[in-house]
Amino acid sequence: MDSLRTGRELQHLLQSPSRSPPGKSLDLEYWTGLRLTLEGEATLGNRLTSVAWTMTQKHYKKISMDALQRRGIREDLVQYQLFLVQTDGTSPQQTEERLKHLAEEILANVAQLLVQYIWQEQPFNLKYHPEKGDVPAHIGGSTQFGDNIEDEWFIVYLLQQVTELFPELVARVEDNDGDFLLIEAADYLPRWLNPDTSENRVFISRGELHILPCPSKSSLVGFSLDVVPSLAQALALLSAHPEACQASPKIRSVLKKRLRGYPEKIKNNLHRAHCFIPAGIASVLAQRPDLVAPAVSAFYLRDPVDLQACRDFKIFPPDTRVLTLVTFTRCLYAQLQQQQFTPDRRCGFNLPPPSHPLYKAHDLGMKLAHGFEILCSKCRLPSLEPDAPGQLEGSAVYKELLRSAEIFFKQSVGPKSGFLSAGEEVLQLLHSSPFNLEELKKLETQLPQEDSDSWLDITAQHLEQLLQERSGGIADVGSKSCSSAKQKLRVEDAAEKVKETEEDTRKEEAGYTLVAVSQGMKDFLNAMSSHEGAEPPWCSPTQPFSFDPDSMASALDRLLGSKEEELDSDDLDDDYDDDDDEEEEAVDETGEGSSDHVEMMGTETLDSLKTYMDQMDQELKSTNVGQSFSQMNYNKAGMDNGSSHSPMGDGPPTEEGGVDETEEEIQPLDIDVNLVANLLESLSNQAGLAGPASNLLQSLGIQLPPNSDPS
């Protein structure tokens, strides 16, 4: 694959899943090729979200470095906060007690979901934070989601559920991109909303997205664009005017669509696979399935120093391997399965040939065993050292030392690392729960069937569907009216006109795409764009662009000049203001309106342009330029034989019916046919890859079928 240049670049991409590598522009083909190889459908869909945001962003395309530095959040970290909407009349002690009590209730309510979820790096957590500066007291936390961006959206779902269960709480969530909830709905945001004006304006309240508005003629509620509200002011406004602060239905529907499928999506995102792993690992995973994540990460991010611990496998010897069913997330399974790794000959993991029916189980188990060995080699417990001197387990001195160690660990290490590291938890489970190798081997014959990993293989049609879903839900031009009309016809005449309907549908679909291409381009060219650049036609401005036609005609006249006096380009800069002043003085002296003058000047300008165009047509008639264009089947009016002229450029013009060469009318061009023909030719030259024609059509919401004509 051309995009995968070096191993160092690949490693950087794996550690920074949703960002572009240094020195590279973020393009769809690069990411698509990488994720097709590494992670498959589940994680590809997550990455396409980031790619679609980059391609379809409207206001967020100019995120300044100052904004990123101000937030200071690492790339794979999501931060979330829960504030009390009303704290008036309560003391700081009462607010603290209330927030801590709410944190316990929240964790109790979402425990059912958290138990069955396997986190990529860090779990969802809540902790009380006292008031600091302009930030009121709140409960919140941060989660490192690594390569699985679905963890971030699961946290958004949790916050949605929490604010719905506890209406007195309002949530705010950010990552290094800032308010990434707005990125998901970039195509439907109000024009005034951008990274510089969204600070302290985006919240989740009562399960819905809220955006603090700007004051307008219809409503005075909100903060002006030049004001950055404090969190206290924002919460007060949200409490006083919740309906006015609610986001538009389109924005809320986009967010709901992104969260659609939860909580069932938790199980759907899991993958069960057979693995030959040491019995100690099977025993640990039977008690803590979530510990598979740090083990996969340890293998995934291994280095030569880590592999030194895997030469002899002291903790998980390979001769105790058993066949068991291991539950991964799709992201973890793809990371493990797609890694090409040859074990050290001294480690004892001998794999069968690739043609063996259990080769995949042996390969996955070998990689997983390496991850657990690396994980545990970095944190050995003293009690697991066979020759380490110490007190007998259960003695008074042993209990006192253990109690002192726990107190020290909680005070010095616990707040930073979450009490125990993953490797220490594995060793503790391994030490406290001895396993029976014979019983584990007996269970091999009773294992459930593993899941199919066909989701790793993505067809071109499925990829196109994913791209369309992640592009913001933009419908094809006219597709809604077409589909609704067809649906009505099927419902009303399902019994009598089935064959007729199918035939009409085929004819309609055959001509629909070409009409849609032509109409979509016309809408795009006719759409008014702001100083920020060209925008798709569905992004209608809030305030329509208007201009004075009289001033426009006058400006054209000054630029083109009149028949009596032609202006040079060098004269425009010097005489522009003088001519304008002279015209105004002339109008003032005569006392007449400018309508007659403007009308006369506009007519002269049009006549002058028509003269130029006629001269150009006569000069081009003697060339073969016209052969590259398609003309309409045009019959000259007044000719009795009804014959049409030959296309421009097919040869020298001939006299027919007494009409000489100078009187022959130029064949008009078929603009639609020429436009579609050139676009199709450009698409054909792209050979299915990304290019200007496909990107333009996709931005217009037009999906053309693949070229079925190899010629």
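This is a predicted model: local features need pLDDT of at least 70, side-chain atom pairs count only at pLDDT 80 or more; totals for chains, interfaces and linings use all residues.
Figure 1. Helix 25 covers residues 671–686 and helix 26 covers residues 692–699; their axes come within 8 Å and cross at roughly 120°. Angles from 65 to 115 degrees count as roughly perpendicular and those over 145 as roughly antiparallel, so this pair is classed as oblique. By class, the residues of this contact split into five nonpolar, three polar and no charged.

**Figure 2. A closer look at Gln686.** Buried or exposed, then, at 11% relative accessibility? Gln686 is buried, because the cut-off for that label is under 20%. Setting aside neighbours within four places in sequence, Gln686 is in contact with Gly691, Pro692, Ala693 and Ser694.

**Figure 3. Helix 15 crossing helix 17.** Here the axes of helix 15 (residues 359–377) and helix 17 (residues 422–432) come within 8 Å, with a crossing angle of roughly 100°. That angle falls in the 65 to 115 degree range, so the two helices are roughly perpendicular to each other. Helix 15 brings Phe372, Leu375 and Cys376 to the contact, while helix 17 brings Ala422, Gly423, Val426 and Leu427. Sorted by class, that makes six nonpolar, one polar and no charged residues.

**Figure 4. His362, also on helix 15.** Stay with helix 15 and find His362. With a relative accessibility of 14%, His362 counts as buried. What does His362 touch, once residues up to four places away in sequence are not counted? The list is Phe276, Arg321, Leu351 and Pro352.

**Figure 5. Helix 14, mostly covered.** Helix 14 spans residues 330–337, and seven of its eight residues are buried. The buried ones are Arg330, Cys331, Leu332, Tyr333, Ala334, Gln335 and Leu336.

Figure 6. Start with the peptide bond from Tyr262 to Pro263, which is cis, with omega near 5°.

**Figure 7. Leu165 and Gly207, 42 residues apart in sequence.** In space, the C-alpha atoms of Leu165 and Gly207 are 8.4 Å apart. Leu165 belongs to helix 6 (residues 150–165). Buried or exposed? Leu165 is exposed, with a relative accessible area of 51%, because the label applies to values over 50%.

**Figure 8. The whole chain, for context.** Zoom out and the chain has 26 helices and eight strands. Of its 711 residues, 39% count as buried, and the chain exposes about 40,600 Å², with carbon and sulfur atoms supplying 52% of that area. Take the contacts between residues at least 6 apart in sequence: 75% of them join residues at least 24 apart. As for confidence, the mean pLDDT is 74, and 62% of the residues reach 70 or more. Over residues 472–498 the pLDDT is below 50, and this stretch has 32 contacts in the model beyond near neighbours in sequence. The pLDDT is also below 50 over residues 636–663, a stretch with 36 such contacts.

Conventions:
Residues are numbered from 1 along each chain as its sequence is written. Side-chain values use heavy atoms; hydrogens and water are left out. pLDDT is the predictor's confidence in each residue, from 0 to 100. Contact means heavy atoms within 4.5 Å. Helices (H or I, at least four residues) and strands (E, at least two) are DSSP runs, numbered from the N terminus. Buried means under 20% relative accessible area, exposed over 50%, partly exposed in between (1.4 Å probe, protein chains only). Accessible areas come from the Shrake-Rupley method with a 1.4 Å probe; for residues, only the protein chains shown count as cover. Axes are lines fitted to C-alpha atoms, for helices over the stretch in contact, and angles run from 0 to 180 degrees between N-to-C directions. Angles under 35 degrees count as roughly parallel, over 145 as roughly antiparallel, 65 to 115 as roughly perpendicular and the rest as oblique. Ala, Val, Leu, Ile, Met, Phe, Trp, Tyr, Cys and Pro count as nonpolar, Asp, Glu, Lys and Arg as charged, and the others, Gly among them, as polar.
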